[in-house]
Amino acid sequence: MVIDKWLISKTKKKMKKIIYSLLFILPLFWVSCDKIEDDEKLVYLKGITTETTPITETNSIQRVLLEDYTGWKCVNCPRAAAKATELIGTYGEQLVVMAVHSTAFASPLASNNNVDFRTEYGEKWAVDFGCSSLPAGLINRTKVGGAYTIGDANWDTQIQSTISTKEHLMDINLGAVYKESYNKILVSTENVFLKDVSYSTQINVVVLESGIVGVQLNSNTDYGTTPKIEDYVFNHVLRKNGLIGYPLSDSAVSKGTTVSTNYLIDVDTDIQDISKCTVVVFVTNSSTGEVIQVNQIHLSE
Amino acid sequence: MKKIILIISFVAFSINSYSQGLFGGKVTGNFQMDVQASREDSVIGAEKVNEKMLMNAFTNILYTNGDFSAGMRFEAYLNPILGFDSQYKGAGLAYRFASYKKDFLEITAGNYYEQFGNGLIFRSYEEKNLGLDNAMDGLKVIARPMEGVAIKGIIGKQRYYWEDVWASDDFGLVRGIDGEVSLNSVIKSFSSSPLQVTLGGSFVSVYDKADTRFIIDQQTGNNYKLTTPENIGSGAARIQMSYNAWNLNAEYARKGQDPNAVNGYIFHEGEAAYVSAGYSAKGLGINVAAKRIDNMSYKSRRSETGNMLNINYLPALTRQHAYSLFAMYPYATQVNGEMGIQADIMYKLKKKTFLGGEYGTDLKLNYSRAMSIDKQLVATNPAGSYEGTNGYTSSFFKVGDDIYFEEINLEISKKISHDFKLNFMYSYQTFNPIAIGHEGEEFVYANVFAADVTQKMNKNSLRYELQLLLTEQNYGEWATGNWIQGTLEYNLGGRWFAAASDQWNYGNETGEKTHYYNFSIGYTKGTNRIQISYGKQREGIICIGGVCRMVPASNGLFATITSSF
């Protein structure tokens, strides 16, 4: 009897603990809602301009965007970068490579001279597309086997598959110039829809820099010294101040439509040599995020 | 196909095992099939049905064994009958779950329906007549740690036709917790009090991945991007009280910023209040209810505008009518803003009195009114619209200028003799077409009458029904002018029945004075029932609990089979 009472009292105490614990959890649900401040509700999209520069890079083929998610601490990333370079040799102008330095693999330390190639949008894309273990590649931001990321060993096969199956919906013609007087890059685009497109599209204008020398960890002697390459050359590095997810076309565009847009991009102060920069423009399906066309142009002064 | 074979095997096995008792448990189930064959009829606007025959069907199978239960529902829309969304086309396992109770916990995995309080911030339910099913798919835990205390936790995604909601980020993840405490159970000194008090509170949050929307100022060419919150939270508190014949049910809910397609992508926070008070004694029942809804469309996908993916339910405060002409101008809940009241009085005139007569008389008086809420618009965005702004401010107690719906109706039910029973009903309705999205159309004012006599003839019965709708207004193509409806229904021993009815739009001054005749015959044995009808169905709107769907016109056969075991 005494034991029974003791057990009942113990159980009640336990129950009370459970109730209090649950009551403690309740406010967590309330705070788990986002509050957008007034000045963030409608964000002005800077960089759209009426200023133009002549179109010099025209496009008439379906191109493929390979995003190489990488970081200086990623010991297998030199292998992936070498693969990307090899694929450029194979596919030529049909392939556009963009190196997105992201995740903890790209965070700066004194041992890499605090060089930080990360960008705000690169970090977001890494999360959105599940690029947590590097190297990881995205090909036209298309899911393959339920995931966006593709290992560098399969890049070639997937690029081939994309080139042979991707419907050629549009072309992007480009002009770009560095405006030294106000330290901005002026980009003009002509987006020619070759077929009816039933969904809205967005345009992304980014700057890549090549030929940057720095520190890279490495585990394979085929690609340089191990465990570290002191004078590694970083190419196609995605830089800051890109214009991401800007509106290009409404819900439906008919065949033959040309949408011309012009942008002014603030030059990223980390850029070391503007002459080694290219402007990459890619258009995505607003709903799926899939890349439907990409083009690049080397920057002229 | 493999799935179908598996399901058929399961059903067959379950039925076969029923008589033996499956592992000592019990198998129950039900079935319904609706078949429609409609032909083109330009007079009533019935469109050609390419398939010639359409069918909706479902079967529920439930296995229970002590504290364990598991079940499934197989649904088939081959192809969906008229008025149901074509996205239902197909067949498959739409609902499956397993649940068990152990000590103070009850765990459910798979699909489930649930409601927090009055449903202001969370209600998962299905309404087959509306083609509405927002069943959750995920996990539910109910803890009853002590008598009078219940805590519910839910997580999952909602059904969207046949879509694999887990394969896409397009469908939001719903999380919620609800707690309810009966003070009479928890406080010992309060346990025998005639005053019964139950307190409750709930929180719900939906994770809906941000999507991209732009606003373009056409004059300057400037572009703006809308920032959408990804976690949209809501909370509610409620109280239920009863004291002898009196009862009170009140709930207040708030919803955080939720710019969505229904509210025009504004950031105004949502709010809902509901209060219902009643008195019930022998021969008298009184209930008065009021509500205020302000921007409370709450869906697990911000771009959704239809009946699917609703997280919450906003109770309707109007009478649900069974007579078809009374339901011609239905009430639809205004999720973006509405204030409503309803009063019900039920009184029974005693037997053997002057007014009550030999058998007594039942009187039901109902009044309801739905109005807009006060809205003071804020400054527009640079493009001249309200998208991306707070939209408006609203004073809680201030009623808006627009009336959406108003009705007063009286129903008298009287048994005249041993063999005759009379039901009479009258309603005066004011209907604003804007309430179902038709802005700028004239109000409809309608007087509606119904007289319904049931005559018993030994084991058989005969029912005569006459309805009349009088209005000077014409609303759309399906509700023009005056209507009259007559119905004759013969019931043979509770097994067979035959009915004939005609709904005649005799007051239509702009089009055909169409007769919508209908003949039906049915047979019931035990829990099985078969009914076949032939006739014309007018285009209209069906609303249940303030949620509505369009019913297109049809002309042809309609058959229904229902069964349960």
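Of the 301 residues of chain A, 38% count as buried; a residue is buried if 20 or more other C-beta atoms, placed from the backbone, lie within 10 Å of its own. The model is predicted, so local features need pLDDT of at least 70 and side-chain atom pairs pLDDT 80 or more, while totals for chains, interfaces and linings use all residues. Residues are numbered from 1 along each chain as its sequence is written, and chains are lettered from A and ligands numbered from 1 in the order written.

Chain A holds 5 helices and 14 strands. These are DSSP runs (helices H or I, at least four residues; strands E, at least two), numbered from the N terminus. Contacts require C-beta atoms within 7 Å. Among contacts in chain A between residues at least 6 apart in sequence, 72% join residues at least 24 apart.

A nonpolar core is a set of buried Ala, Val, Leu, Ile, Met, Phe, Trp, Tyr and Cys residues joined through C-beta atoms within 7 Å. The largest has 67 residues. Leu66(A), Met98(A), Val205(A), Val279(A) and Val280(A) touch the most other members. Beyond four places in sequence, the contacts of Val205(A) include Val187(A), Tyr263(A) and Val279(A). A second, separate core of 32 residues includes Ile61(B) and Val174(B).

One open, antiparallel sheet of 3 strands runs in the order S1(A)-S15(B)-S14(B). Strands pair if DSSP finds at least two bridges between them. S1 (42-44) of chain A and S14 (213-216) of chain B stand at the edges, each with a single partner strand, so one side of each lacks a neighbour in the sheet. S14(B) and S15 (223-226) of chain B pair over 4 bridges. Within S15(B), Asn223(B) is the bridge partner of Ile216(B).

Note on methods
A residue is buried if 20 or more other C-beta atoms lie within 10 Å of its own, exposed if 12 or fewer, and partly exposed in between; C-beta atoms are placed from the backbone. Two residues are in contact if their C-beta atoms, placed from the backbone, lie within 7 Å.
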